[in-house]
Amino acid sequence: MARTLVISNRKGGSGKSSTAVNVAAELAAQGQRVLLVDLDTQGHCAVGLGVKPRRDTPTVHGFLAGHYGLRQAVVESSWPGLHLIPADPLFEHGGVGAGELQLSDALKAEQLMDDYDTIILDTPPSLDGLLINALCAADRVLVPFVPHYLSGEGVRQLARLLFRVASRGLNERLRVLGFLPVMVDLRIGQHREVNAGLSHQFGAARLLPGIRTDIKVAEAFAVGKPVRVHAPGSRAAADYAQAVQVLEKLWA
Ligand SMILES: Nc1ncnc2c1ncn2[C@@H]1O[C@H](COP(=O)(O)OP(=O)(O)O)[C@@H](O)[C@H]1O
Ligand SMILES: [Mg+2]
């Protein structure tokens with residue numbers, strides 16, 4: 001049975017898609033069967049994996065709109081074991097008519113939970129049916145954040161949302177796996193302080209080792225490759241590998 005991880009932070013530009021693609025690629029490189037589902041209509045996961053959906057390629061949003069089954073939207077990537085369900089850039093946010101459990105139900109009913117070891121859900125910053133569907137389908141939440149003072153608010157908003165999902169009985173298994181600082185430079189006092197604040201609030205064990213600022217992350221995305229493939233000797237490749245090791249320990 002697959003484990004499901006949702007990557008979420010209500011703040012845009014907090015490293016969600018970079019983290020979704022690079023964590024998925026790292027797990028696949030270790031031999032896992034990984035499915036990455038891109039719920040953000042910006043469609044960045046396809047870009048980061050070098051997948052070029054055609055206009056008529058099935059997407060997770062087409063599935064949510066009731067056009068076809070979820071499995072029909074699975075595409076292979078260039079990396080063994082790593083599959084993607086792409087986003088539809090033309091989908092209108094707020095246009096999810098179906099229920100909050102549609103994605104969760106389909107992952108089970110269409111046996112995708114049996115075909116993968118890990119399912120990773122990348123999410124939009126908007127608070128709508130797409131994000132709720134992701135939170136209802138996941139076991140754990142990974143929260144990437146840029147350690148600026150303002151990032152605390154995004155994290156608190158997310159915590160309130162998780163509480164709502166749990167208290168409405170929509171998904172009682174959902175837990176925060178951890179917080180991942182991205183674009184970190186520990187020489188900067190503010191970065192150290194924000195990290196210290198989060199580890200005080202949520203426990204030091206929940207704070208993953210961060211991903212340092214590295215232009216290779218952006219470069220890799222632009223050429224459609226995980227950073228471990230594009231720049232294997234880079235800081236970011238090493239940091240993502242280390243973050244995944246810790247993530248595995250926290251998830252055990
Ligand atoms: N470790 C990093 N070093 C440098 N740039 C990064 C790093 N992580 C992400 N970025 C860049 O920051 C921007 C936002 O990241 P992205 O993953 O798209 O965030 P989100 O999905 O939360 O909007 C992108 O341009 C990305 O290339
Ligand atoms: Mg994104």
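Met-183 lies in strand β7. In this predicted model, Met-183 has a positive phi of about 55°, although it is not a glycine. Most residues other than glycine have a negative phi. Met-183 counts as buried because 21 other C-beta atoms lie within 10 Å, and the cut-off for buried is 20 or more.

Gln-111 sits in the loop between α4 (102-109) and α5 (112-115). Its phi is near 60°, a positive value in a residue other than glycine. Is Gln-111 buried or exposed? Gln-111 is exposed, with 11 other C-beta atoms within 10 Å. The limit for exposed is 12 or fewer.

Strand β7 leads on to the ligand. The shell around ligand 1 takes at least two residues from each of α1, β7 and α9. Which element gives the most to this shell? Helix α9 does, with four residues. There are 18 residues around ligand 1, and those that come nearest are Lys-16, Ser-17, Ser-18, Val-217 and Ala-218. By type, the shell divides into eight nonpolar, eight polar and two charged residues.

Elements named for the shell also turn up around helix α11. The cover over the buried residues of α11 includes α1 (16-29), β7 (175-184) and α9 (215-222). β8 (211-212) and α10 (227-230) are also among the covering elements. The buried residues of α11 are Ala-236, Ala-237, Asp-239, Tyr-240, Ala-243, Val-244 and Leu-247. Why do they fall on the same side of α11? They cover an arc of only 160° around the axis, so they share that side.

The length of α11 can be checked too. The helix runs over residues 235-251, which makes 17 residues. At 1.5 Å a residue, α11 should span 24 Å.

Now turn to the interior. In soluble globular proteins, nonpolar side chains tend to be buried together. Here the largest nonpolar core has 72 residues. Those with the most contacts inside this core are Ala-24, Val-34, Leu-36, Ile-120, Leu-121 and Ala-134. Take Val-34 as an example. Leaving aside residues up to four places away in sequence, what does Val-34 touch? Its contacts include Ala-24, Leu-27 and Ala-28. Val-34 also touches Gly-81 and Leu-82. Tyr-116, Asp-117, Thr-118 and Ile-120 are contacts of Val-34 as well. Two of these partners, Ala-24 and Ile-120, are themselves listed among the core residues with the most contacts.

How values were computed:
Residues are numbered from 1 along each chain as its sequence is written. Chains are lettered from A and ligands numbered from 1 in the order in which they are written. This is a predicted model: local features need pLDDT of at least 70, side-chain atom pairs count only at pLDDT 80 or more; totals for chains, interfaces and linings use all residues. The expected span of a helix is 1.5 Å times one less than its number of residues. The arc is that of the directions from the helix axis to the C-beta atoms. Two residues are in contact if their C-beta atoms, placed from the backbone, lie within 7 Å. A residue is near a molecule or strand if its C-beta atom, placed from the backbone, lies within 6 Å of it. Ala, Val, Leu, Ile, Met, Phe, Trp, Tyr, Cys and Pro count as nonpolar, Asp, Glu, Lys and Arg as charged, and the others, Gly among them, as polar. A nonpolar core is a set of buried Ala, Val, Leu, Ile, Met, Phe, Trp, Tyr and Cys residues joined through C-beta atoms within 7 Å.
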